[in-house]
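Colleague: I have a few questions about this model. Can we go through it bit by bit?

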Amino acid sequence: MEKFQVIQHPLIQHKLSILRRTDTSTKAFRELVNEIAMLMGYEVLRDLPLEDVEIETPITKTVQKQLAGKKLAIVPILRAGIGMVDGLLSLVPAAKVGHIGMYRDEETLQPVEYLVKLPEDIKHRQIFVVDPMLATGGSAILAIDSLKKRGASNIKFVCLVAAPEGVAALQKAHPDIDIFTAALDEKLNENGYIVPGLGDAGDRLFGTK
Ligand code: PRP
Ligand code: URA
C-alpha cells in the first residue's frame with residue numbers, strides 16, 4: 001500500500017465540497033465530517049488482518065474469514081479530530097479511543113500540547129490518529145512524537161484536507177507513517193490556513209466562531 005494516499009471516491013469528493021462551503025451549517029458540517037471519515041474507513045482499514053473461522057451455513061460447514069481481533073485505537077487530535085471518531089467507530093465499534101489535546105499558537109503557528117489520555121496498552125495497538133486538517137503538519141508531528149514516546153509504533157494518520165507543506169513535513173518527521181487524506185489542496189496562506197481549505201475546522205465543527 002502507498003505511504004501517502006488521496007482517497008478519491010465520488011461520494012467523498014461530493015461531501016467534501018459541501019463541507020468546504022461557507023454556508024454549510026454547524027449541524028451539517030458535523031454530520032459530513034463523520035460521514036467522510038466513515039467512507040474513508042473503507043480504505044484506511046483495508047489491511048486489517050483476517051483469520052480463518054469454521055462456520056455452518058444452512059447448507060454445510062465451511063471455513064471463512066473473520067477479523068483477527070487486532071487491538072485498535074482511534075486517537076483524535078483535539079478539538080477537531082473528535083468530529084471523525086464516530087464515523088470510524090461505526091466500522092470498528094470495539095476500538096479504544098485516546099485523546100491528544102493540541103492547539104496552534106496563532107502567532108508562531110507552533111502546536112502546544114495540553115492533554116494526553118490514552119488506552120493503557122497503547123504500545124500494543126494499531127493506532128489511527130485523526131484530525132480533519134494537515135496544514136503545517138506541526139500538530140500531527142507532535143501528536144505522533146507523543147505517541148512514539150509512549151512506545152507506540154504502529155500508527156496511521158487520517159485527515160480530510162491536507163496541504164502539500166504538511167504532507168512533506170509529516171513524511172520527513174515520521175517516514176514510517178501511512179498518511180490518508182480525502183483531498184490534497186493547493187497551499188498554505190500567510191496565516192497557515194489551507195487554500196482553498198474549509199476554514200477553521202474546530203470552530204466550524206463546534207460553532208465557536
Ligand atoms: C487545527 C486542526 C489541526 C491543526 C492543523 O487545530 O484541527 O489540529 O490546526 O494545523 P497544523 O498542521 O499547522 O498544526 P487548532 O490548532 O485550530 O485547534 P482546534 O482543533 O482546537 O480548533
Ligand atoms: N487548521 C484549520 O482548522 N484549518 C486550516 O486551514 C489550517 C489549520
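Colleague: Is K156 buried or exposed?

Modeller: K156 is buried, at 4% relative accessibility. Buried means under 20% relative accessible area, exposed means over 50%, and partly exposed is in between, with a 1.4 Å probe and protein chains only. This is a predicted model, where local features need pLDDT of at least 70, side-chain atom pairs count only at pLDDT 80 or more, and totals for chains, interfaces and linings use all residues. Residues are numbered from 1 along each chain as its sequence is written, chains are lettered from A and ligands numbered from 1 in the order in which they are written, and side-chain values use heavy atoms, with hydrogens and water left out.

Colleague: Which side chain does K156 meet in a salt bridge?

Modeller: That of D178, at 2.8 Å from N to O. A salt bridge here is a side-chain nitrogen of Lys or Arg within 4 Å of a carboxyl oxygen of Asp or Glu.

Colleague: What else does D178 form a salt bridge with?

Modeller: With K3, where the closest N and O atoms are 3.1 Å apart. That pair links distant parts of the chain, since K3 sits in the segment before β1 (4–6) and D178 in β12 (residues 178–181), 175 residues apart. K3 counts as partly exposed, at 39% relative accessibility.

Colleague: Which residues end up in one network?

Modeller: K3, D47, K156 and D178, joined by salt bridges that share partners.

Colleague: How many salt bridges are there in the whole structure?

Modeller: The search finds 14. One of the others has the side chains of D176 and K148 meeting at 2.8 Å, N to O. D176 is partly exposed at 36% relative accessible area, and K148 is partly exposed at 28%.

Colleague: New topic. In what order do the strands of the open sheet come?

Modeller: Three strands form it, in the order β9-β11-β13, with parallel pairing. Two strands pair if DSSP finds at least two bridges between them.

Colleague: Why is one side of β9 and of β13 left without a neighbour in the sheet?

Modeller: Because β9 (133–134) and β13 (183–184) stand at the edges, each with a single partner strand. β9 pairs with β11 (residues 161–162) in the parallel sense over two bridges. L134 stands opposite A162 in β11.

Colleague: Now the ligands. How many residues surround ligand 1?

Modeller: There are 16, and the closest are R104, D131, T136, G137 and S139. A residue counts as near a molecule or strand if one of its heavy atoms lies within 4 Å of it.

Colleague: Which N or O atoms lie 2.6 Å, 2.9 Å or 3.1 Å from oxygen atoms of ligand 1?

Modeller: A side-chain N or O atom of T136 is 2.6 Å from an oxygen atom of ligand 1. A backbone N or O atom of A135 is 2.9 Å from a ligand 1 oxygen, and a polar backbone atom of A80 is 3.1 Å from one. The protein covers 91% of the 500 Å² of accessible area that ligand 1 has on its own. Accessible areas come from the Shrake-Rupley method with a 1.4 Å probe, and for residues only the protein chains shown count as cover.

Colleague: Which residues are around ligand 2?

Modeller: R104, M133, A135, G192, Y193, I194, G199, D200 and A201. Backbone N or O atoms of I194 and A201 each lie 2.8 Å from an oxygen atom of ligand 2. For G199, a backbone N or O atom lies 2.8 Å from a nitrogen atom of ligand 2. The protein covers 89% of the 240 Å² of accessible area that ligand 2 has on its own.

Colleague: Last one. Where does S25 lie?

Modeller: In the loop between α1 (10–20) and α2 (26–44). S25 counts as partly exposed, at 39% relative accessibility. S25 and L147 are 122 residues apart in sequence and 34 Å apart in space, C-alpha to C-alpha.

Technical notes. Helix = DSSP H or I, 4+ residues; strand = E, 2+ residues; numbered from the N terminus. Polar contact = N/O pair within 3.5 Å; in protein donor to acceptor, adjacent residues only side chain to side chain.
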